[in-house]
Amino acid sequence: MTDPLNVVASLASLGKASDPVAEEAAKAAASLWEKVLGPPSEALGSHLKKRVELWSEDALARRVLERAAQKADTSQPGSVPPRVAAGLFEQAQWADNEFVAEYLSGVLATARTTEGVDDRAVSWTAMVSRLSSDALRLHYVVYTALRKKLMGQDADVISHWTTKQLVFTYLDLVPRVDFGDADVWTGRLIAAAYTLEREGLLTAMTHGGADHLTGLPYRNYQLPVPGDMLITATTVEGCRLYLQAHGLGDRWASAIGDADTAFEHWPGVAPAVASVPATWLEDLPRAAG
């Protein structure tokens, strides 16, 4: 049975002998492949031979592999189930957006375990594949803001903060989150928000200006003016996806607020995206009367 890792290691001889740069890249990919996915496994089988060649030659898939290596502790033995690797790298070949690449690489890093049999990452890969890059970007913004709110607080009782709504003003979002020109920006933002709500990653979500949000509980507060806002509560599943994206999917949802856990900044993501401020709805001044 053909060992796919040997396929990767032999890429330099597949028509690349005259290109030293490509040859070195192929060798590096072979080493990284084994470091992240584990030692050669008969379970992969010869039927994946062509796929392994494609993944290893594909720059986008290789970027996901490289990011996963940075998020996983590759100094310890570990491997990734073939079923997870197959589904994830099929998606990785199209990961031409930084957020897609980061989320997939985090899922891959989390899927690397000592036993190499935990295939829960199959469902996380499927979820990421259903989300647009806009939705992933907004998810990152919301849950990064949530993390900042929870750091230093007692986040273990999840129901205390998943029932609370966060308020994001468009005045804060627009300069930091690139959703295109003004004529399409709002539509893309709202579409992303409803996608996240559909997937169970946001809840109790609404949007609009203070003159529009006149029902309960919003009329009890002095909502920010001028401009519109996005108001939403978060979910356990949303926290778990955020942890997956950072290669920390083995931690429970409350770890999102752990001040001792490092959430490294992603190199291809503008720092401004991680600095969108939010306010708890309940912390806004109460409306008169």
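Pro217 sits in the loop that links β2 and β3. Strands here are DSSP E runs of at least two residues, helices are H or I runs of at least four, and both are numbered from the N terminus. The peptide bond from Leu216 to Pro217 is cis, with omega near 0 degrees. Pro226 is found in the loop between β2 and β3. The bond from Val225 to Pro226 is cis, again with omega near 0 degrees.

A word on the source. This is a predicted model: local features need pLDDT of at least 70, side-chain atom pairs count only at pLDDT 80 or more, and totals for chains, interfaces and linings use all residues. Residues are numbered from 1 along each chain as its sequence is written, and side-chain values use heavy atoms, with hydrogens and water left out.

Back to backbone geometry. Most residues other than glycine have a negative phi. Ala204 is not a glycine, yet its phi is positive, about 50 degrees. Ala204 belongs to strand β2.

Now the sheet. It is open, with four strands in the order β2-β3-β1-β4 and antiparallel pairing. Pairing requires at least two DSSP bridges between two strands. Which strands are at the edges? They are β2 (202-209) and β4 (279-280), each pairing on one side only. Strand β1 (residues 165-169) is joined to β3 (residues 228-234) by five bridges, running antiparallel. Thr169 has Met229 as its bridge partner in β3.

Two helices next. Helix α8 (residues 133-150) packs on the sheet and touches β1, β2, β3 and β4. Its direction makes about 120 degrees with that of β1. Helix α11 (residues 182-198) also packs on the sheet, touching β2 and β3, at about 160 degrees to the direction of β2. Contact means heavy atoms within 4.5 Å. Axes are lines fitted to C-alpha atoms, for helices over the stretch in contact, with angles from 0 to 180 degrees between N-to-C directions.

Salt bridges. The whole structure has 13, each a side-chain nitrogen of Lys or Arg within 4 Å of a carboxyl oxygen of Asp or Glu. One pairs Arg63 with Glu98, closest N and O atoms 2.9 Å apart. Arg63 lies in helix α4 (residues 59-71) and Glu98 in helix α6 (residues 98-111), so the pair ties together parts 35 residues apart in sequence.
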